[in-house]
Amino acid sequence: MLTAIDWTIMIVYFAFVLGIGVALKRSTKTSSDFFLAGRSIPAWVCGLAFISANLGAQEVIGMGASGAKYGIATSHFYWIGAIPAMVFVGVFMMPFYYGSRARSVPEYLRLRFDEKTRGFNAISFATMTVFSSGISMYAMAKLIQTLHVFDAPFEKLGLPLSWVFHAGILVAAAVVLAYIFLGGLSSAIYNEVVQFFLIVAGFLPLVWLGLRNVGGWSGLKATLDASYTHSWIGMGSAHTNRLGVEWFGLAMGLGFVLSFGYWCTDFLVVQRAMAADSMSAARRTPLIAAFPKMLFPVLVILPGLIAIALPTQSTSTVAAVSNTAVAAPAGTGLIPAKLDADTGRPVRDSQGRVQLDYDLAIPNMLLHYFPTGILGLGLTALLASFMSGMAGNVTAFNTVWTYDIYQSYINPKATDQHYLWMGRMATVFGIALSIAAAYMASRFNNIMDMLQLVFAFVNAPLFATFLLGMFWKRTTGHGAFTGLLAGTTSAALHHALTLPAGAAPGVKGGWLATLHLYPSEMAQNFWTAIFAWSACFIVTILVSLATRPHEESRLAGLVYSLTERPKSHDLSWYQRPEILAVVALAIALVLNVIFM
Amino acid sequence: MRIDIRLPLGLLFMVFGLLLSGFGLVSDKGLYQRSLQVNINLWWGLVMLAFGTAMLTLGRRSHRRLSADEPGAASQTKSTSAPE
């Protein structure tokens, strides 16, 4: 169903992406150029890269899927999740990240605490980035295969259709490899800015057409049950809303622990701000990012809602059932029933209801509304989002590998040129490992689920460590390290002792005993995070009080009370972090009220 | 920063805009049944063309201003003057 115009658009885009890499190669001369973009990027560019690095497969496809499943309540991930956390990292934490001249988040941990805390963070983070980029690569290739839009050239060449999957993985990997290998972080950031605009350009007309079709937001409200179109109604109890979480678990687990943990400590996003050309630009990076970020629910959640609100398609133009003789039961709206990968039969829950394949919400919207031409643009936007997410992981990986693992533990005294070379090599083997992880995900789904679980345990307590490290000078290295271990352990324990309703004990939880039953998996996740954070917070304080404090002279620039406040009164009002922060929070509040 | 990102970005959107709107002009009307009878290629192509032109103009203007400020340093477009 794709024609020459669609292919032209895709090819122009790929050529352009590689062109950026080639153009930036000349100016990538030192390791600092490669890993930190020479700390020379203006704030608005860093800001757009900051959100784009996070706009990977999980974000675009996952948020559309959640929109269709949970409704507008998915916006909590933005309006009480991401926005306050982005404001916090810009106003309060960036002075330490940028001001300490640390080259990575793990390096900040070494400056503030000690070697073991850095090592723990660096190694777990590096492993995690490789696996998450592999998992998103797998998701992308799987999706491309399901959509059947790229089948024609393979059929023409007489290649089996399973090659669409391999080609998807290899092409995406090769393109990302090429542009990062050549231009490093600058190249990734430039491409992320372009990817940002491309995603907007591809999805905005989709939302416009969809809304026109269903009669706007009021039309959606008239078609759908109120639980889809109100984000706060029924949040008093976990049993009266679609998320299956009560307000406290939502606010603490998602709004505080998980969102702050991600946006304030994950080097993948923080790295974009560290590339800024000045302290004030670094602080503005997440704040500038907050404005487009809070409008993203329109682009990624609304299509999911529209997809579920449309009349169920009988003669389907969209991807649904493939290569199967079993007559599939109808889905809902544009969303087909989920089929078991082995038997080709629809998956049913414990009450015998057919499960829907929500991940197809956004792709099916594209296929439903877009004629050839703009369909090429829409698919390019989708591919761009996959690549930006992957590039984010790869640039974070090569930096942490080179500075925090290779330079720290393997070869500390090499020349700068050697580290630049190592960064390029790390890009190559980072991507090779991601490809291996992608194939592992296609073979052993359970192993991947388990790995993601372990990463979640390691990540959950992190924000407590940073919060105490930056704002309480008495925190010690031993305290931080023991706290992290305690947090990770209690996350694992909490998971081992609780279970979401309807799940069997195992990878979903309850593998030691089932002491508590949560109404949904989301509630269990949020509470795992709350327990991990609290354990880390308390243990870090107790152990810090029992161990010898760091000398204060060593902590200047790393801790709030021993660091001069960055001055911002000589900036124009629209450049001052405090003002941007207040405006961003006010708009987020208004959005919460409008969609309450 | 060595190149103002708005230059390549503007160029790419202009190319996409021209491709889409050009295709929208010559393509068959029947194509637009799925997009609710809206010639989405033509209209969205024009929007992208306008956006691309605006980016290119802004990028070139700041490039020229910087070259005028620092004679002989035209290649060093450290665009600190980008609007934020």
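This is a predicted model: local features need pLDDT of at least 70, side-chain atom pairs count only at pLDDT 80 or more; totals for chains, interfaces and linings use all residues.

Student: Where in chain B is the pLDDT below 50?

Tutor: The pLDDT is below 50 over residues 72–84 of chain B. Beyond near neighbours in sequence, this stretch has 26 contacts in the model, where a contact means that the C-beta atoms of two residues, placed from the backbone, lie within 7 Å.

Student: What are the corresponding values for chain A?

Tutor: Chain A has a mean pLDDT of 89, with 97% of its residues at 70 or more. Over residues 321–327 of chain A the pLDDT is below 50, and that stretch has nine contacts beyond near neighbours in sequence. The model as a whole scores ipTM 0.89 and pTM 0.91.

Student: What secondary structure does chain B have?

Tutor: Chain B has two helices and zero strands. Helices (H or I, at least four residues) and strands (E, at least two) are DSSP runs, numbered from the N terminus.

Student: Which helices of chain B supply residues to the side that touches chain A?

Tutor: In total, 28 residues of chain B are in contact with 35 residues of chain A. Helix H1 (6–26) and helix H2 (40–69) of chain B each supply at least two residues of that side of chain B. H1(B) gives the largest share, nine residues. By class, the side has 18 nonpolar, six polar and four charged residues; Ala, Val, Leu, Ile, Met, Phe, Trp, Tyr, Cys and Pro count as nonpolar, Asp, Glu, Lys and Arg as charged, and the others, Gly among them, as polar.

Student: Why is Pro371(A) called buried?

Tutor: A residue is buried if 20 or more other C-beta atoms lie within 10 Å of its own, exposed if 12 or fewer, and partly exposed in between, with C-beta atoms placed from the backbone. Pro371(A) has 24 other C-beta atoms within 10 Å, and therefore counts as buried. Pro371(A) lies in the loop between helix H16 (361–369) and H17 of chain A. Not counting residues up to four places away in sequence, Pro371(A) touches Leu31(B), Tyr32(B), Arg34(B), Ser35(B), Ile40(B) and Asn41(B).

Student: Are Ala37(A) and Arg39(A) buried or partly exposed?

Tutor: Ala37(A) has 31 C-beta neighbours inside 10 Å and so counts as buried, whereas Arg39(A), with 17 other C-beta atoms within 10 Å, is partly exposed. Ala37(A) is in the loop between H2 and helix H3 (43–52) of chain A, and Arg39(A) also lies in the loop between H2 and H3 of chain A.

Student: What makes the phi of these two residues worth a remark?

Tutor: Most residues other than glycine have a negative phi. Phi of Ala37(A), however, is near 55°, a positive value, and phi of Arg39(A) is near 45°, a positive value too.

Student: Why is H5(A) called roughly antiparallel to H14(A)?

Tutor: Helix H5 (residues 76–99) and helix H14 (residues 279–300) of chain A pack at an angle of about 170°, with their axes 8 Å apart. Axes are lines fitted to C-alpha atoms, for helices over the stretch in contact, and angles run from 0 to 180 degrees between N-to-C directions. Angles under 35 degrees count as roughly parallel, over 145 as roughly antiparallel, 65 to 115 as roughly perpendicular and the rest as oblique. The angle therefore makes H5(A) roughly antiparallel to H14(A). By class, their contact has 20 nonpolar, three polar and three charged residues.

Note on methods
Residues are numbered from 1 along each chain as its sequence is written. Chains are lettered from A and ligands numbered from 1 in the order in which they are written. pLDDT is the predictor's confidence in each residue, from 0 to 100.
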